[in-house]
Amino acid sequence: MIFHYRTGMFVLIILLSMNWGCNQKPGDIAFEREKLFNNGWKFIRDSIEGAEQLVFNDSAWLEVDLPHDFSLMDIDGEDAADQIGPFSKKSPGNGNSTGHFLGGTGWYRKTFSIDKKDEGKTVILKFEGVYMESEVWVNGHKAGSHKNGYTPFWINITPFLNTAEESNVVAVKVENIGRNSRWYSGSGIYRNVYLQVTDPVHVGVWGTKITTPEINPNEAVVEAEVTVQNDNEKEVNAEITINIKDANNILVGTVDGSDVIPSKSEAVLRSLVKVENPVLWSLDSPNLYTAEVVVKVGDEVKDIYNQTFGIRTIEFSADKGFLLNGESVLLKGACIHHDNGLLGAAAFERAEERKVEVLKANGFNAIRCAHNPFSDAFYKACDKYGMLVISEFTDMWQNYKNPQDYSLFFKDWWEKDLTNWMMHDRNHPSIIMWSIGNEIFEPVDSTRLRIGTQLVNRVRELDDSRGVTMGVTGFFYPKGWESTTSMFDLLDVCGYNYMIDEVESDHQKFPERIIYMSESYATSAYDYWETVEKYPFVIGDFIWTAWDYLGEVSIGKPNYVPESQGLGFSGNFSGFKLPEGVNIFDLQAMRPSNWPYFLANCADIDITGEKTPQMLYRDVIWGNSNLEINVHEPIPDGMIETAGAWSWPMEFPHWNWPGSEGKLLQVRVFTRASQVKLELNGELFAESELTEADKYIATFEVPYQPGELKATCYENGVEVESKILKTATEPKTIRLTAEQSKLKADRKEVSFVNLEVLDESEQLVPTNDITIELSISGNGEIIASGNASPNDMESFNNTTIKTYQGKAQVVIRPFATAGEVVLQASSQKLTDGVLKIVSE
């Protein structure tokens, strides 16, 4: 079966006039319909009573600007054996899921007024994400509530407002209680909030759906579906104009229409606009258009709504694979969670964009949002940089994975939450699939199939221009992998979590099934990618995980145990089946705490955005690099390294091992070439011929001597590339490098500053535990600091931090006034690092 999203039936409700190929800009009208509502909130981490009331003394509360994650706040009292900064051994369950952070209850309050000119207008509060259960109160009246910690929602607060220019108070209660997540969720209002003020006749919230059902080199047909809301007491005759503008803001197509909208109701209008010589959205040229929707009643403009979109085609088939604009694309996929490392869940726009930039620079072309909707800033970054996305709804349905998770609310809330999610995100050209869930655990297969059918049907009602998928593993099918068939039959594209061993046999049984490896192990990267390259019906591989994250503590942590007990690396769990009637997540909650570890420690990119050793292997597999070298740290005598499926050996790309002189160290050279020569301090040490069975890895045992370790790879006797690992000398200086040295004087801005310890020749000294004192002056503040160590709790968001592998990171947020920010990093016997950032 071929799923080809290019053509389709459509209803033309309005098509009164159409112009295209215009080379002029339409008359722009100054129109601000919404603004960020992030600044000037008061906050308390307490379940205090009465905070929803209009009159309430919040003068002692903390002043915060959103986005805000209160799980990152230090716990009251001194650090002790059971708490360090924001970490606590009282974290729900054993703390392994949450990263030993705490949730709890928080209250936010903000005072605001409506301008006189906006009297009589419709006022809406839009929340992009609040974790987890929230109540919104306006002037002491309960305006609404929300249960899902990741889906966007909105509330019409017009009925609760005082008259124009009088003060109003919005209060938000947020509860993150008990065991409700398998990973770090964060707490509070951690994404953007917007205040939307419009005429009663306006485009509805997320009220556009833009698709491109017909595309050829000469022209594209843009189908625009617009929902217009009439909040008046009487019907109106609304005129709607849709202007299509290119990336240079040039008008390239327009259409006009009208409709009578009854009082207190809405109308959905569909129209077509042709665009000549369309410039397609692609991975290398992510071109974006804008649909400007102008709503008029009589001669008066009531609303202007702008929606970006892309013109592109996607196609999935078992014989062609995945096609973007008719060209085959193998999905080099990244599974990632939503947190931003040292920033926690706080979804600063720059942090979201940076995530996409770093992954793109490392060769990834697709991201699976695991396992929930992400922020609007994230999807916009994917649109901007040319990154494909699988957007995912949830990690559980009616059966829980944690006792207080979304399963408690799924039955009553799923349709509203799924609808909000898709309406919010369905115009992003980067999104190519909607995932209805991940590793869904329902004890009764018929229940899983019934719910899955409901979700799939609703997804296709809202958007049939993309594929529908989900991530499935054999763990939760006690009757065997063959019992997944009925669920897979619902889907357009089938996600296989770790089930690589089933691919070939499934293709024999189901030759039309389209598969992607929705989660995979780093140690098996060669096998997974070989499968993608070999079979067109396997369209991509998504590593678990591409970016390290808070929570799911130590799933990638290797350990050393006596040789008599060691099992080495465990391979994978694809053959494991969960016994009927057993909830594996209850068993996980009984595991001993891995304190003080707080990271998963299983990624290609660490939490600061740097490559990890396992990424170097993927670089070679994907052809990003010809040659890479990793050296295993010294293993204690009599011990063996043992680890789980998500682990990577404790090896690093450096030649600094003081105290291990003469000890044999394992050196692995990654290359696609057929021959490798290894030199130590200028002398040939060994050489190796590689075959297909070596999977691009040449392994050596080398006695450590300070100096230079050089690897050279050859193909047919011709040198391809060489690389040298050189022993660094003593630490000498601290280098600070800002990724953004100029910022706007705006609280939504941040700058990531990377810290390195260098020797006298400015070579990185890959040493742990060098203590650094941070200080800042001027018009900015430190909002995050630390390193990529999986267990250095003391360095997490502190002004005294330590290095990990010679590095650390600081995140600066400017104040709202222009000026200079000066960051200083100091350590005994080292030259200080000093950095200036300008906000203007």
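## Close-up views of the predicted model

**View 1. Polar contacts of the Arg 466 side chain.** A polar atom of the Arg 466 side chain lies 2.6 Å from the backbone oxygen of Ile 431. A polar atom of this side chain also lies 3.0 Å from the backbone oxygen of Arg 426. A polar contact is a pair of N or O atoms within 3.5 Å; within protein, one atom must be able to donate a hydrogen and the other to accept it, and residues adjacent in sequence count only if both atoms are side-chain atoms. The model is predicted: local features need pLDDT of at least 70 and side-chain atom pairs count only at pLDDT 80 or more, whereas totals for chains, interfaces and linings use all residues. Residues are numbered from 1 along each chain as its sequence is written, and side-chain values use heavy atoms, with hydrogens and water left out. Arg 466 is found in the loop between helix 4 (445–462) and strand 29 (467–472); helices (H or I, at least four residues) and strands (E, at least two) are DSSP runs, numbered from the N terminus. With a relative accessible area of 5%, Arg 466 is buried. Buried denotes under 20% relative accessible area, exposed over 50%, and partly exposed the range in between (1.4 Å probe, protein chains only).

**View 2. The largest nonpolar core.** This core has 135 residues, of which Phe 322, Leu 331, Leu 359 and Leu 388 touch the most other members. Helix 3 (residues 410–425) gives the most to this core, with seven residues. A nonpolar core is a set of buried Ala, Val, Leu, Ile, Met, Phe, Trp, Tyr and Cys residues joined through side-chain atoms within 4.5 Å. Not counting residues up to four places away in sequence, Leu 331 touches residues including Phe 322, Leu 388, Trp 529 and Phe 542; contact here means heavy atoms within 4.5 Å. Asn 365 and Asp 541 are also among the residues that Leu 331 touches. Another core, of 28 residues, lies apart from the largest one, and its members include Ile 210, Ala 224, Ile 261 and Val 275.

**View 3. Cys 369 and Cys 382.** A search of the whole structure finds zero disulfides, a disulfide being a pair of cysteine sulfur atoms within 2.5 Å. For Cys 369, the nearest cysteine sulfur is that of Cys 382, 6.8 Å away.

View 4. Nine bridges join strand 15 to strand 16 (residues 219–230) in the antiparallel sense, and Ile 210 has Ala 224 in strand 16 as its bridge partner. Asn 277 lies in the loop between strand 19 and strand 20 (289–297). This residue is not a glycine, yet has a positive phi of about 45 degrees. Asn 277 is exposed, with a relative accessible area of 53%.

View 5. The strands run in the order 43-45-49-47, and the pairing is antiparallel. Strand 43 (733–738) and strand 47 (780–786) stand at the edges with a single partner strand each, so one side of each has no neighbour in the sheet. The twist averages 25 degrees from one strand to the next. Strand 45 (residues 751–758) pairs with strand 49 (residues 807–814) over six bridges, and the bridge partner of Glu 756 in strand 49 is Lys 807.

**View 6. Strand 13 and its partners.** Strand 13 (residues 168–176) is largely enclosed by the rest of the structure, because seven of its nine residues are buried. Strand 8 (residues 104–112) pairs with strand 13 in the antiparallel sense over nine bridges, and Tyr 108 stands opposite Val 172. Strand 10 (residues 133–138) also pairs with strand 13 in the antiparallel sense, over six bridges; Glu 133 has Glu 175 as its bridge partner in strand 13.

Key
Two strands pair if DSSP finds at least two bridges between them. Axes are lines fitted to C-alpha atoms, for helices over the stretch in contact, and angles run from 0 to 180 degrees between N-to-C directions.
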